[in-house]
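Hello,

Here is the structure I promised to pass on to you. Please have a look at it first, and then read my notes below.

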Amino acid sequence: MATDKKLFAAFSRRDLLKSLAGVPILGAVWAAGIDTTKKSKLEKDFWLEKLNIKASAPPASGPMSGDPLRIGLIGFGIRGEQLMRALGFATQEWMESMAKSAQEDPKDKRLEDFLAQENLNVKLTAICDIFDVRAEKALRSFHTEANPCKRYTSYLDLIHSGEVDAVIIATPDHWHAPMAQAAIEAGVHAYIEKPMTHTIEETYRLREAVRNHPGSILAVGHQHRQTLSFLTAQDAIAKNTLGHVSLVVTNTNRNDDNGAWQYEIHPEASPETIDWNAFLGTAPQVPFNAEHFFRWRKWWAYGSGLSGDLLTHDYDRVNCVLKMGIPKYVTASGGIYTHRDGRNVPDVMQVNMDFPDFSTGSSQEEGKEKGMTLVYSATLGNQFERGTVLMGHDASMELGNILTIYADPRSTKYKEMIAEGKIDPTVPIYQYDPTAEGVDAVTSATAKYFANKGLLWTYRDGKRVDSTFLHIREWLSCIRNGGKPSCGIDEGFEEAITAHMAGLSYKTGRKIEWDPVAERIISLPGEDLDAILLDNSVNYES
């Protein structure tokens, strides 16, 4: 050990003079006479120390002690069930299915992980779903003597019942903001799924409601903000590892029925089992249509298409790392090119978001390096993995559950080390794999689409943890112990406005501009932006 320390000290003195401050190098620096394994470890430890990126977990949220919080769920569809499991409540059907899967495959730990999940000290006291089958399924699973649970047919009745302290909202997009606003104004805390709003006007109204009721905690369901690699990426940006970031590319690729929102239509769906008028709300008043009810994401009247449903995930993933806010300009294009099935939202969409005044890193000359474009590219007709890349003058970062950084061949910062052969631009100078104990363990990124975007799980001390569970726990901790959610009204406002700008650009075919001083989207004289967003231009009888 003493010999290693001497070698490390000698290595440090020799190379420190040649290196740039804060530069990470994991390249080949030959030290004759040193055992290859020891040499590699010395080099790694030295340069990781110089890089100083912190792969540490976020501050622990507070205790779940005290009186149980009474939770109401509004919307018990696909996402509603997932949110309930994160809260600690699983249906009988899911438990039986997972037990069977674990018996058939011992590596399937989903049931084991759920049973080992921390008790969040809550009671599920109320359920609101307008489809009788779903509501009855929830009551069958969650209503017990120890946990009495009541069904409400109206979300307003649930919010004003006096039986809930907080609500979780997992409904079609056009109901997110009205329900959240009603809860906040009634003094009830709200956890709302993305996108935060369906229209521009709703975005301002909800922000005003939250600001006027500071005692009500609102969290937006971008659970990737709990993902450890994204938090590590924040530190890499703060340490100026990439230099000035001028381009970010991020993508959605799907090629199956579920990814194209072709969800199963329940055989018991009918006007007798579904409160159709409650579903429609402010949407066009059309006759009962089971496909619209179960596959609502395919129509602008209820959903937000690729811009609100999937772009919001990727935009917020980048925003939580770079904190760039709302783009100055947005341009979008695309169309319905694969799924010509009556939908009116595009299945291919490309969005350019321009931030002309945004700057990351430190400029070589004051004011010289400025501006960034974020490109979002999506198709529901191909599943080739393209990943998310933050491209800086000095390095590029592949952002996923595994974080990888490559020096740029033309980097100014790393120019000397590249010339000396200490950095190979084809080999990562840094890689963080949260499944491993070390911060640079090289492992292929084989995670599935959602997992790699931080939407399914993250890791704590090498152990896989449900990221939705962590996000809900954070919200509950803010309610109990104070604090601000990592994705609250301000982050939700940025997400919603950006998504709306993309939708407007797609529909109008022009560049959409944001006025950051007036905090408004610039419109043409007499133009109603929300009317454009909600324009369906489709025969609802089809």
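A word on terms before the findings: two strands count as paired if DSSP finds at least two bridges between them. Helices (H or I, at least four residues) and strands (E, at least two) are DSSP runs, numbered from the N terminus. Please keep in mind that this is a predicted model, in which local features need pLDDT of at least 70 and side-chain atom pairs count only at pLDDT 80 or more, while totals for chains, interfaces and linings use all residues. Residues are numbered from 1 along each chain as its sequence is written, and side-chain values use heavy atoms, with hydrogens and water left out.

Now to the chain as a whole. It has 19 helices and 18 strands. Of its 542 residues, 56% are buried, that is, under 20% relative accessible area, where exposed means over 50% and partly exposed lies in between (1.4 Å probe, protein chains only). Taking contacts (heavy atoms within 4.5 Å) between residues at least 6 apart in sequence, 72% join residues at least 24 apart.

Six strands build it with parallel pairing, in the order β3-β2-β1-β4-β5-β6. Its edges are β3 (150-152) and β6 (218-220), each of which pairs on one side only. Within this sheet, β1 (residues 69-74) and β2 (residues 122-128) are joined in the parallel sense by six bridges, and I71 sits opposite L124 in β2.

On the one hand, β7 (residues 245-253) runs antiparallel to β11 (residues 389-392), with four bridges between them; here V245 stands opposite G392. On the other hand, β7 runs parallel to β10 (residues 372-379) over seven bridges, and V248 has L374 in β10 as its bridge partner.

Finally, some backbone details to check:

- The K194 to P195 peptide bond is cis, with omega near -15 degrees; P195 lies in the loop between β5 (189-192) and α9 (200-212).
- W261 is not a glycine, yet has a positive phi of about 70 degrees. This residue belongs to the loop between β7 and α11 (276-280), and W261 is buried at a relative accessible area of 0%.
- E519, also a residue other than glycine, has a positive phi near 55 degrees. E519 is in the loop between β17 (512-515) and β18 (520-521) and is partly exposed, with a relative accessible area of 30%.

Best wishes
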